[in-house]
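Try each task before you read its solution.

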Amino acid sequence: MQITTRTVPPRTAWALEQSGVHPLLARLFAARGIRSPDDLDDSLARLLPPASLQGVTDAAKLLADAIGNRQRLCVVADYDCDGATACAVALHGLRLLGALPANTSYVVPDRAVHGYGLTPAIVDLAIEQRPDVLITVDNGIASLAGVAHARERGLKVLVTDHHLPALDEHSQVTLPDADVIVNPNQPGCAFESKSLAGVGVMFYVLLALRAELRERGAFAADQQPRLDALLDLVALGTVADVVRLDANNRRLVAQGLKRIRQGKMHAGVAALFQAAGRDPARASTFDFGFALGPRINAAGRLADMTLGIECLLTDDPARAGELAQTLDGINRERREVEAGMKEQAEHLLETLLAQTENPDEPPPAVALYDPEFHEGVVGIVASRLKDRLHRPTFVFAMGQDGLIKGSGRSIAGFHLRDALDLVSKRHPGVLKKFGGHAMAAGCTLAEEDFDTFDQAFQAVAQEWLQPEHLARQVLTDGPLEAQWFEPELVRTLDREVWGAAFEAPMFSDEVEIVSQRLVGERHLKLQVRHAGALRDAIWFGRSEPIPERGRMAYRLSVDEFQGRSRVQMVVEAVI
């Protein structure tokens, strides 16, 4: 393991500080690519224009025609937080823009029964709603059979998605035969932000639809519906999906956070904050990623994502509160299932490592399967094991259709979806279906083909990964001066937009471990000497003792107890 420090362009940091940015924030922003105060402007006016998103104008015309003709619209959602928020944004937005509530509906696949995306079975389920138009959110770009089935049944299909398109046997992009496709990652799309989440894509479709309706005279410019009312949902889905927080995504998230802190949010979002014991007046990206997002995701993992979507759709605070409490309970169950399965997976992993030439050195990639694993939490467990091993990791569980379903997580330098594509070329027929991104992907295969997949996956990793990829690096912002160990400074940091590709601050310093004890059997409570002062620290999930001196990588948090606020160091690594 290595603890490294980000490079800070000194002139940039100085210029930001001179413009009025807090000195510590100026250093953090400069290290993350911010070049001028202009880059920090998070106003809605700075959002990329919708017109540059390929297909969005045609999508607006299709939806405007459908609303004008009072056609029935059915949203086909996905069973994660991005899909749930995208569905809620679609339905709230369409109704704001004139679609009759009676003419708008949705369906969402059951993870265990239907699998992912717009399958023919989901089309048949949607047809029970008697729609004229299907609108996919956060899925559909790889649903060739499902789109074809819908078109055969006489439906119009609008695909809104952000995933990578499917590839044919010659590694050529293959798109579904939809009426319109809106996806920044489709060939030929010039939209600058390729990292829009599914909910962001749908929000942009609504922006274009509003412009189209305004052009048709549906309302005057000064009387148009306010779509910024949807930004709490857009922000939640964007952060929860762990997409890159490029400048455009940061603006979307910043605007959503501002609304929530002002008390302007949907009833379901407010109820989720309450269920999680978090204060919306201090809303942060941490709340989205670790409090609200997991509670919505839990419904799709262990129950029915309809619960999550209904929570985000209702305008009744009492109903929202009931649904949020139900989601909270499911999330508690998810944690128990995850903990048990993680223990099983680690035992299986230790057995496999013991059979290798060097048990202390994991293979270049890992794939685990056990018939007892739960399909709903394979992705979470894969993520936990990837973090522990620093290796691309897949975890598989048996599906209800007799095929095993795998979810994978990757490390920098290893494009997971492309790796699956190469496996499928080398071993035709082994992967029944696959898709995803560079850092997360999923696939389906027959149980008897697991060993073939395992060997093929490891072979690709062996070829692609270099020693520098396999060495775990903890990237930090370097030492933190003693003057910044103040609760208000930590709260200032928490108010900023942090996330994937714009990581929250992590510092590193030489420290002396004065005392250490185990709390809750799983966490190491520390007192450390840093810059001559004694400070409290905690290392979550660590039970083994650590050396008396070392270089510590840590984040900052505010520990509030009995009306007192103290800065606490949250340890990420010690070497």
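**Exercise 1. Find which residues have the most contacts inside the largest nonpolar core.**

Solution. The model is predicted. Its largest nonpolar core has 123 residues. Leu209 and Met552 have the most contacts inside this core. Next, look for the main contributor. Helix α7 (residues 198-215) gives the largest share, 11 residues. Now take Leu209. Leaving out residues up to four places away in sequence, Leu209 touches Ala60, Leu63, Ala64, Ile67, Leu94 and Leu97.

**Exercise 2. Classify the aromatic pair of Phe396 and Phe450.**

Solution. Start with the ring centres, which are 5.6 Å apart. Pairing needs centres within 6.5 Å. Then take the planes. They stand at 80°, so the pair is edge-to-face. Phe396 lies in strand β10 (residues 393-398) and Phe450 in helix α16 (residues 450-464), so the pair ties together parts 54 residues apart in sequence. Both Phe396 and Phe450 are buried. Phe414 and Phe457 also form an edge-to-face pair, with 6.0 Å centre to centre and 70° between the planes. One aromatic cluster includes Phe396, Phe414, Phe450 and Phe457.

**Exercise 3. Describe the lining of the second largest pocket by class.**

Solution. The volume of this pocket is about 320 Å³. Its lining has 17 residues. Sort them: 8 are nonpolar, 9 are charged and none is polar. Leu40, Asp42, Ala254, Glu496 and Val497 lie nearest the centre. Helix α9 (residues 247-261) gives the most to the lining, with 7 residues.

Note on methods
Residues are numbered from 1 along each chain as its sequence is written. This is a predicted model: local features need pLDDT of at least 70, side-chain atom pairs count only at pLDDT 80 or more; totals for chains, interfaces and linings use all residues. Side-chain values use heavy atoms; hydrogens and water are left out. A nonpolar core is a set of buried Ala, Val, Leu, Ile, Met, Phe, Trp, Tyr and Cys residues joined through side-chain atoms within 4.5 Å. Buried means under 20% relative accessible area, exposed over 50%, partly exposed in between (1.4 Å probe, protein chains only). Helices (H or I, at least four residues) and strands (E, at least two) are DSSP runs, numbered from the N terminus. Contact means heavy atoms within 4.5 Å. On a 1 Å grid over the protein atoms alone, a cavity is a set of points where a 1.4 Å probe fits but cannot get out, and a pocket is an open set with protein on both sides within 12 Å along at least five of seven lines; lining residues have an atom within 4 Å of a point. Grid points are joined across faces, edges and corners, and a volume is the space filled by probe spheres set on the points. Ala, Val, Leu, Ile, Met, Phe, Trp, Tyr, Cys and Pro count as nonpolar, Asp, Glu, Lys and Arg as charged, and the others, Gly among them, as polar. Rings of Phe, Tyr and Trp (its six-membered ring) pair if their centres lie within 6.5 Å; planes under 30 degrees apart count as stacked, over 60 as edge-to-face and the rest as tilted.
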